[in-house]
Amino acid sequence: MEGLRLENKKKKLIDDKGKRLDGRKWDELRPISLQVGLMKNADGSAYIEWGKNKIMAAVYGPKEVHPKHQVLPNRALLRCRYHMAPFSVDERKNPAPSRREIEISKVIREALVPAVIVEDYPRTAIEVWVEVLQSDGGSRVAGITAASLALADAGINMRDLVVGCSCGIIDDHVVADLDDTEDKEGSGDMPVAIMPNLGQVSLLQVDGIFTRDQFKKAFELAIEKGKQVYAMQREALTSKFFGGEPMSTEVEEVAE
Amino acid sequence: MKKNYVVETIRKAQMVQLLVEGKRMDERALDQHRPLKIETGIIQKANGSARVTLGNTQVIAGVKIATGTPFPDTPDKGLLVVNAEILPMSSPYAEPGPPSEEAIELARVVDRGIRESEMVDLTKLCLIPGKSVVTVFVDCNIMNVDGNLFDATSYAVVSALRTAKMKKYIVKDDKVEATDDIVPVPVERTPVSVTMARIGDRLIVDPNAEEEASMDMRVTITTDDDGNVCASQKGEASTISPAHVLEAVDTSIKVGKEIRKMILEAVK
């Protein structure tokens, strides 16, 4: 049996009953937990555990821009760094930023900027630090989800939160939220970030082969699952600022 | 570099106005790419090479083949590395120095399309599993910038690989030897990247420099011979609507078919 597997080289990622290696259904997310405001020095922060991902996002700003020549006269400069700790992966990762991390920093920044009302903070810098302490599949979408919460926690004016989810193809099936093994062994991965209230997509990447129909299905599933994570984002914010009680209509009535 | 390129406000307004009517400044249709010229075999010392001219954008790609050790996680696969350098001569705004974020993204997005389409059959480039494999380096020199480096670079890489030839390697007594036989690089597929820009609420194919300077969002979609999507990347600090994503996929499949024909014709 072992030998046969080696010959085939590919593990089965979904069993006959439609269960994945970790027991999830095709459209099921890994367990997610979110906490807002754990870091004391940062102006805003959020910590996410998404499957085995453990990611801390912290925001500083709006603050003075250094070096000065980078100042934007009409809006804030959003800086973003996605970084993986050397101990976050199986083999120690060189702490210097890799080409992958530089690219991910760029796409995360471009996913967050549309949500931040940068025009409200001319001549300032807003810094977003995303540190991956442990990495599983889908760390960039988990990072975005935490980073947008950290921005909100810092009290930065925003049009919407940004929330990500990745979908992909394993054993020719479209599934939601690939973990590490599924990402490596699967045949396609599509990270998507959305602004749920505005109905816009702010990050879209694809690698791996998707037919036209699989593309549509995975893309729509990513949006649907993103909305599910968005509910958790809201809960994490309200539990920090309103002591775990969701905002109720009664409060508004009292205000009247 | 896009940030530095200046388009007069009045010209941009004109561009947006024309787009509402479905027209472009250079009289192209919204889904029409600029004239594409592909020349192969231009560098004799390279294993394969191509010069792609897309409008005024010009890219030269060269393939160099050697042997090396495989990555630990893919011991039975050859190595394929795509690199791109935006030369200081390519634009008044380009500077020498370590690769910019822009150049890194360019190389990685092009690499992704080639890799994920499984264009090169890397399993055929394994010599001694875990020890020795054929390494394929594709280096791209961006010679002149007039927008849409993604597609021009991708076409150059695909054309260079499609025409690349290498020495036949054999394994003798656990040692790799190069023979005098010349064989083609095991190329299976022809991925084609199509980049679109959104200006106003229109998606336009193959944006030139002034269109890129005016765009809000850019999306690149690479498709393979069967019309499957194999790589994609949204760029720029703006969003895309779900309807535009699906429109972009269909446009990429359609335009990609046309361009694939041109590439295959050029590498014959």
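**Figure 1. Helix α3(B) and its burial.** Helix α3(B) is mostly covered, with 14 of its 14 residues buried, a residue being called buried if 20 or more other C-beta atoms, placed from the backbone, lie within 10 Å of its own, exposed if 12 or fewer do, and partly exposed in between. The model is predicted, and local features are described only at pLDDT of at least 70 and side-chain atom pairs only at pLDDT 80 or more, whereas totals for chains, interfaces and linings use all residues. Residues are numbered from 1 along each chain as its sequence is written, and chains are lettered from A and ligands numbered from 1 in the order in which they are written. Helix α3(B) comprises residues 149–162, where helices (H or I, at least four residues) and strands (E, at least two) are DSSP runs numbered from the N terminus. From its first C-alpha to its last, α3(B) reaches 20 Å, close to the 20 Å expected at 1.5 Å a residue, the expected span being 1.5 Å times one less than the number of residues.

**Figure 2. The open sheet of eight strands drawn from chains A and B.** The order of this sheet is β7(A)-β6(A)-β8(A)-β9(A)-β12(B)-β11(B)-β9(B)-β10(B), with antiparallel pairing; two strands are taken to pair if DSSP finds at least two bridges between them. At the edges stand β7 (173–176) of chain A and β10 (202–205) of chain B, each of which pairs on one side only. From one strand to the next the twist averages 20°, with axes fitted as lines to C-alpha atoms, for helices over the stretch in contact, and angles running from 0 to 180 degrees between N-to-C directions. Helix α3(B) packs on the sheet, touching β9 (192–199) and β11 (217–223) of chain B, and its direction makes about 175° with that of β9(B). Helix α5 of chain B (residues 242–266) lies across β9 of chain A as well as β9, β10, β11 and β12 of chain B, running at about 135° to β9(B).

**Figure 3. The contact between chains A and B.** In this view 26 residues of chain A are in contact with 28 residues of chain B, two residues being in contact if their C-beta atoms, placed from the backbone, lie within 7 Å. On the side of chain A that touches chain B, the elements giving two or more residues are α2 (99–112), β9 (200–210) and α5 (212–241) of chain A, and β9(A) gives the most, with eleven residues. The residues of this side divide into 13 nonpolar, six polar and seven charged; Ala, Val, Leu, Ile, Met, Phe, Trp, Tyr, Cys and Pro count as nonpolar, Asp, Glu, Lys and Arg as charged, and the others, Gly among them, as polar. β9(A) pairs with β12(B) (residues 229–235) in the antiparallel sense over four bridges, and Q205(A) stands opposite Q233(B) in β12(B).

**Figure 4. Strand β2(B) between its two partners.** Seven of the seven residues of β2(B) (residues 48–54) are buried, so the strand is largely enclosed by the rest of the structure. Both of its faces are covered, with G48(B), A50(B), V52(B) and L54(B) buried on one side and S49(B), R51(B) and T53(B) buried on the other. β2(B) pairs in the antiparallel sense with β1(B) (residues 36–40) over five bridges and with β3(B) (residues 57–68) over seven bridges. A50(B) is the bridge partner of T40(B) and also stands opposite A61(B) in β3(B). In the hairpin of β2(B) and β3(B), which has two residues between the strands, G55(B) takes a positive phi near 60°.

**Figure 5. The five-stranded open sheet of chain A.** The strands follow the order β1-β2-β3-β5-β4 of chain A, and the pairing is mixed. β1 (32–36) and β4 (77–84) of chain A stand at the edges with a single partner strand each, so one side of each is left without a neighbour in the sheet. Neighbouring strands are turned by 15° against each other on average, direction ignored. β1(A) pairs with β2(A) (residues 44–50) in the antiparallel sense over five bridges, and in β2(A) the bridge partner of V36(A) is A46(A). Helix α2(A) packs on the sheet, touching β4 and β5 (124–134) of chain A, with its direction at about 140° to that of β4(A).
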